[in-house]
Amino acid sequence: MSNYHIKHLEEYFQVYRKSIRNPESFWDEVAEEHFVWRKKWDKVLDWDFSKPEIKWFEGAKLNITENCIDRHLHIRGDKTAILFEPNDPKEEAQHITYKELHEKVCKFANVLKDKGIKKGDRVVIYLPMIPELAISLLACARIGAVHSVVFAGFSSTALSTRINDCGAKMVLTSDGSFRGSKTIDLKGIVDEALTQCDSVESVLVAKRTKTEVTMEEGRDFWLEPLLEKAYADCEPEVMDAEDPLFILYTSGSTGRPKGMVHSTAGYMVYTAYTFKNVFQYREDDVYWCTADIGWITGHSYIVYGPLANGATTVMFEGVPSYPDFGRFWEIVQKHKITQFYTAPTAIRALAKENLDFVTEYDLSSLKILGTVGEPINEEAWHWYNDHVGEKKCPIVDTWWQTETGGVLISPIPFSTPTKPTYATLPMPGVQPALMDENGNEIKGNQVDGRLCIKFPWPSIARTIWGDHKRYKETYFSAFDGKYFTGDGALRDEVGYYRITGRVDDVIIVSGHNLGTAPIEDAINEHQAVAESAIVGFPHDIKGNALYGYVILKETGESRNRENLKKEINQVITEHIGPIAKLDKIQFVPGLPKTRSGKIMRRILRKIASKDTSNLGDTSTLLNPEVVEKIMEESL
Ligand code: ATP
Ligand code: MG
């Protein structure tokens with residue numbers, strides 16, 4: 001029996017049990033059989049969550065790009081590695097084969113070296129979703145430089161904060177970026193950011209939009225001419241297993257961003273393993289994850305995981321609404337996508353639109369659908385299942401975090417029976433635990449608590465860049481000897497997990513723990529409601545009471561507001577119980593969201609508690625204007 005590729009439920013349970021009984025021998029076997037190493041490890045695992053210190057495959061030597069590129073050259077050199085779909089559907093898609101990828105990465109790596117970048121140096125990447133973005137990650141990894149991608153929708157302040165935090169020597173960017181009908185002046189944003197940064201010595205600029213930009217003499221260089229002159233082979237730097245591969249800042253929905261540091265060997269092994277199983281990838285599949293590489297999802301499941309498996313991975317430059325709301329489905333049809341992985345926020349946005357945008361296209365190539373980023377509400381799950389998957393594609397609701405590097409809880413398609421809103425079962429090697437407020441583990445099923453992980457898995461982040469103390473405090477101090485995820489979860493009668501939201505968002509009303517996700521889920525079932533967010537606010541008698549922010553569908557706009565409020569509470573009473581009824585309901589035009597599409601509840605919490613003097617870091621907000629509007633009309 002191979003541990004690497006699980007094909008049915010019985011096998012999952014066998015592999016899972018084995019992985020828990022002896023995690024070291026389990027991962028030893030996976031690492032041994034499926035990767036290329038310059039030198040094997042002396043020890044599989046060394047760990048101490050109290051420090052915390054975690055080391056996987058100590059003593060091993062490798063380069064991740066040899067695993068993602070070189071080893072495929074003789075077997076699938078002419079296979080498409082990266083399939084680039086541009087923003088404008090009229091522009092031709094690009095198929096970059098493994099051979100071409102090898103050449104492009106080597107050339108890019110040589111340019112970095114020429115500009116003085118060495119092993120261990122930090123390079124901040126602020127590029128749109130064009131091939132150069134994926135190539136630049138791999139080029140850094142080729143020479144042992146530590147990349148830190150900053151999503152190219154972030155402001156100059158967010159960018160300079162991150163550059164300074166990691167002390168980057170170089171920034172990679174482009175003249176501009178295309179997003180739908182808009183062109184964004186990326187280079188201008190970089191210039192503004194760099195007025196606040198001293199560490200940056202050079203900026204390499206890719207050409208995309210042909211926007212006029214200013215180039216600072218001696219600091220800024222066009223990338224193309226440098227690549228043209230560069231040598232097409234670059235010997236990979238031999239890295240230690242625990243050498244940092246990249247730093248990635250969390251999306252910032254809960255406060256000051258944390259630079260999560262991921263190391264090389266464990267990250268590679270875990271992302272490759274989970275990619276293979278969660279997406280059941282097969283040689284001729286065309287896999288598409290719609291995330292931006294600026295998020296962990298893009299790092300692990302557009303770049304490293306797929307390429308380590310020799311997959312064809314799609315990179316899409318544009319947005320789901322351009323030129324119209326059918327764009328995703330047009331791409332699925334055009335490239336015969338087999339696995340499609342997106343976020344609940346995108347599903348909800350598309351489900352609001354006319355169904356013709358979906359039915360117009362042939363989606364019969366699809367085999368597996370995935371979701372990540374937030375709890376998916378039941379209505380969105382069904383819409384995805386019925387209209388996109390046509391009820392024949394299992395939905396993998398993958399729960400994980402920037403900190404975890406890879407998926408920790410998810411169904412294995414065609415093995416694990418899915419259940420709407422449930423991430424279901426842990427991946428092999430992952431040992432979840434639910435904890436109560438007193439720090440005791442809650443055993444058994446049909447229970448809920450704070451979600452912790454008891455044992456390290458290979459791709460757990462090793463530290464927060466420059467702040468190990470914060471790493472310890474944030475993740476290893478709430479519960480002794482356990483990694484605390486910050487999320488709440490429940491375990492149902494068969495042991496399936498459902499993520500109920502962040503623990504900060506679990507609201508205790510009259511002594512009852514109420515997760516926000518199930519309440520929002522109930523409200524969203526009302527036919528006039530498009531989306532909602534629930535927060536708690538202090539209440540004299542109940543301790544806390546619930547405040548609901550509700551976006552109406554167009555059809556709900558004309559309805560009597562007082563009646564709607566009654567109906568919403570009625571739906572909650574039916575689905576959850578009267579304890580979860582809302583004290584206040586405010587109808588809003590939008591909700592404050594991060595650029596990755598997540599609701600920033602801490603802002604809503606402050607507004608509900610009438611504590612708006614300091615809203616905290618809002619530099620990563622997509623729609624700051626909506627905050628003003630909500631404040632003006634708050635109850
Ligand atoms: P920050 O930590 O800076 O506040 P963030 O938590 O939004 O940002 P990510 O690491 O991108 O940054 O997101 C991880 C979080 O997203 C999880 O902790 C969880 O709350 C939520 N999440 C991700 N996937 C799922 C899922 N399938 N179901 C429910 N929640 C999910
Ligand atoms: Mg988080």
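The protein chain splits into two domains: domain 1 takes in 9-319 + 394-489, and domain 2 covers 510-633, with the bounds coming from an automatic or database domain assignment. This is a predicted model, where local features need pLDDT of at least 70 and side-chain atom pairs count only at pLDDT 80 or more, while totals for chains, interfaces and linings use all residues. Residues are numbered from 1 along each chain as its sequence is written, and side-chain values use heavy atoms, leaving out hydrogens and water.

The C-alpha centres of the two domains sit 33 Å apart. Where they meet, 15 residues of domain 1 touch 10 residues of domain 2, contact being heavy atoms within 4.5 Å. About 970 Å² is buried between them, with carbon and sulfur atoms giving 54% of that; this is the accessible area (1.4 Å probe) that the two parts lose on being put together, summed over both. As for salt bridges across this interface, the rule turns up 0 (a side-chain nitrogen of Lys or Arg within 4 Å of a carboxyl oxygen of Asp or Glu).

On to the cysteines. A search of the whole structure comes back with 0 disulfides, a disulfide being a pair of cysteine sulfur atoms within 2.5 Å. For C106, the nearest cysteine sulfur belongs to C234, 5.5 Å away. For C140, the nearest one is that of C166, at 11 Å. C106 counts as buried because its relative accessibility is 0%, where buried means under 20% relative accessible area (1.4 Å probe, protein chains only). C140 is also at 0% relative accessibility, so it counts as buried.

Note on methods: Chains lettered and ligands numbered in written order. Buried < 20%, exposed > 50% of the residue type's maximum accessible area, 1.4 Å probe, protein only.
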